[in-house]
Amino acid sequence: MLEFKGLTKQFNSTVAVKPATFTIPDGQMVGIIGRSGAGKSTLLRMINRLNEPSGGQMLFQGRDITALKGRELRQWRNECAMVFQQFNLVGRLNVLTNVMSGRLFHHGFASSMMGIFTAKERAFAIRALDRLGMAHVALQQTDTLSGGQMQRVAIARALVQEPRIMLADEPIASLDPLNAKVVMDALRAINREDGLTVICNLHTLDTARQYCDRIIGMQDGVIVFDGTPKDLTDRAAREIYGAEAEEAFSEAMTSTALRPQPVAQPEARVVN
Ligand SMILES: Nc1ncnc2c1ncn2[C@@H]1O[C@H](COP(=O)(O)OP(=O)(O)OP(=O)(O)O)[C@@H](O)[C@H]1O
Ligand SMILES: [Mg+2]
């Protein structure tokens with residue numbers, strides 16, 4: 001269980017997250033929604049302490065996460081795997097090496113950088129790739145992959161960390177609808193099969209509604225909605241998004257909703 005007790009973040013004069021108090025039980029898939037600048041990334045990044053909270057407390061299984069330092073903090077960061085919009089992979093390395101870099105904490109930096117991994121670790125990485133349908137490209141250079149494939153590799157890397165929580169900051173915002181669906185399906189499968197807590201910032205409503213057990217809506221640093229997809233009526237959603245409501249409702253934006261494609265017309269033949 002992850003407990004937030006008045007957790008807040010201020011950047012100079014901006015209060016990005018106003019004191020937030022809520023609890024996330026183990027195994028929940030949570031979507032955080034809200035317009036740009038609402039504080040979604042800041043909230044997520046406080047969980048793994050990439051953003052240092054300005055006040056309040058966060059507990060995981062009763063342990064004070066906000067007080068961790070040094071090796072304990074590094075260990076906690078390893079336990080919160082994070083997936084980013086821009087994948088954060090090393091393009092010139094092959095897929096397998098990128099995935100195995102998720103073992104860095106377990107393995108020690110020096111031997112990881114020299115590419116010294118045990119057979120067991122390689123097998124573990126291959127299995128993670130296989131779960132994401134990506135084992136066949138294990139030896140391919142990473143920058144030859146499509147965006148959707150790269151995000152699946154990033155999820156495999158997160159999995160080999162053996163995390164206790166998976167954080168994802170707009171994991172599908174750079175993907176087309178088909179790839180977005182594949183990536184969200186993968187996150188949901190990991191959540192269900194492993195019972196792993198997944199906390200995910202999402203831009204579009206339909207994706208949050210379709211995939212999450214619980215939706216948290218933020219507005220100007222305040223949690224203004226916390227409920228199930230069913231609770232989130234269109235009216236409530238419009239209030240969360242304010243002037244950006246039309247964009248959030250638009251399925252054309254990074255949505256996982258696949259609409260029927262127009263039937264391809266036969267190409268016009270050039271007649272000389
Ligand atoms: N490092 C920083 N320094 C100063 N201000 C920051 C910093 N990071 C975020 N902010 C401010 O905090 C507020 C919340 O930003 P945050 O990135 O958390 O929003 P967001 O909901 O993730 O937005 P988006 O949907 O655009 O990603 C914004 O006003 C932003 O300008
Ligand atoms: Mg953000």
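Trainee: Which strand does Phe 4 lie in?

Mentor: Keep in mind that this is a predicted model. As for Phe 4, the strand that holds this residue is β1.

Trainee: Is Phe 4 buried or exposed?

Mentor: Count the other C-beta atoms within 10 Å of Phe 4, and you get 24. The cut-off for burial is 20 or more.

Trainee: How many bridges join β1 to β2?

Mentor: β1 covers residues 2-11 and runs antiparallel to β2. For one pair across the two, look at Leu 2, which has Ile 24 of β2 opposite. The number of bridges joining β1 to β2 is seven.

Trainee: Which strands stand at the edges of that four-stranded sheet?

Mentor: Read off the order of this open, antiparallel sheet: β2-β1-β4-β5. An edge strand has a single partner, so one of its sides is left without a neighbour in the sheet. That picks out β2 (14-24) and β5 (63-64).

Trainee: What are the edge strands of the six-stranded sheet?

Mentor: This one is open too, with mixed pairing and the order β6-β7-β8-β3-β9-β10. Its edge strands pair on one side only, and they are β6 (80-84) and β10 (222-227).

Trainee: What does the twist average from one strand to the next there?

Mentor: For that six-stranded open sheet, the average from one strand to the next is 20°.

Trainee: In which sense do β7 and β8 pair?

Mentor: The two strands are residues 165-169 and 197-201, with five bridges between them. Asp 169 stands opposite Asn 201 in β8. The sense of the pairing is parallel.

Trainee: What angle does the direction of α1 make with that of β8?

Mentor: α1 packs on this sheet as well, touching β3 (29-33), β6, β7, β8 and β9 (214-219). With the direction of β8, the helix makes about 150°.

Trainee: Which element supplies the largest share of the shell around ligand 1?

Mentor: The residues around ligand 1 include Phe 11, Thr 14, Gly 37, Lys 40, Ser 41 and Thr 42. By type, the shell splits into three nonpolar, seven polar and one charged. β2 and α1 each give at least two residues. The largest share is three residues, and it comes from α1.

Trainee: Over which residues does pLDDT stay under 50?

Mentor: The chain averages 90, and 90% of the residues score at least 70. Where pLDDT is low, the predicted coordinates should not be read in detail. The stretch under 50 has zero contacts beyond four places in sequence in the model, and it is residues 261-272.

Key. Residues are numbered from 1 along each chain as its sequence is written. Chains are lettered from A and ligands numbered from 1 in the order in which they are written. This is a predicted model: local features need pLDDT of at least 70, side-chain atom pairs count only at pLDDT 80 or more; totals for chains, interfaces and linings use all residues. Two strands pair if DSSP finds at least two bridges between them. pLDDT is the predictor's confidence in each residue, from 0 to 100. Two residues are in contact if their C-beta atoms, placed from the backbone, lie within 7 Å. A residue is near a molecule or strand if its C-beta atom, placed from the backbone, lies within 6 Å of it. Ala, Val, Leu, Ile, Met, Phe, Trp, Tyr, Cys and Pro count as nonpolar, Asp, Glu, Lys and Arg as charged, and the others, Gly among them, as polar. Axes are lines fitted to C-alpha atoms, for helices over the stretch in contact, and angles run from 0 to 180 degrees between N-to-C directions. A residue is buried if 20 or more other C-beta atoms lie within 10 Å of its own, exposed if 12 or fewer, and partly exposed in between; C-beta atoms are placed from the backbone.
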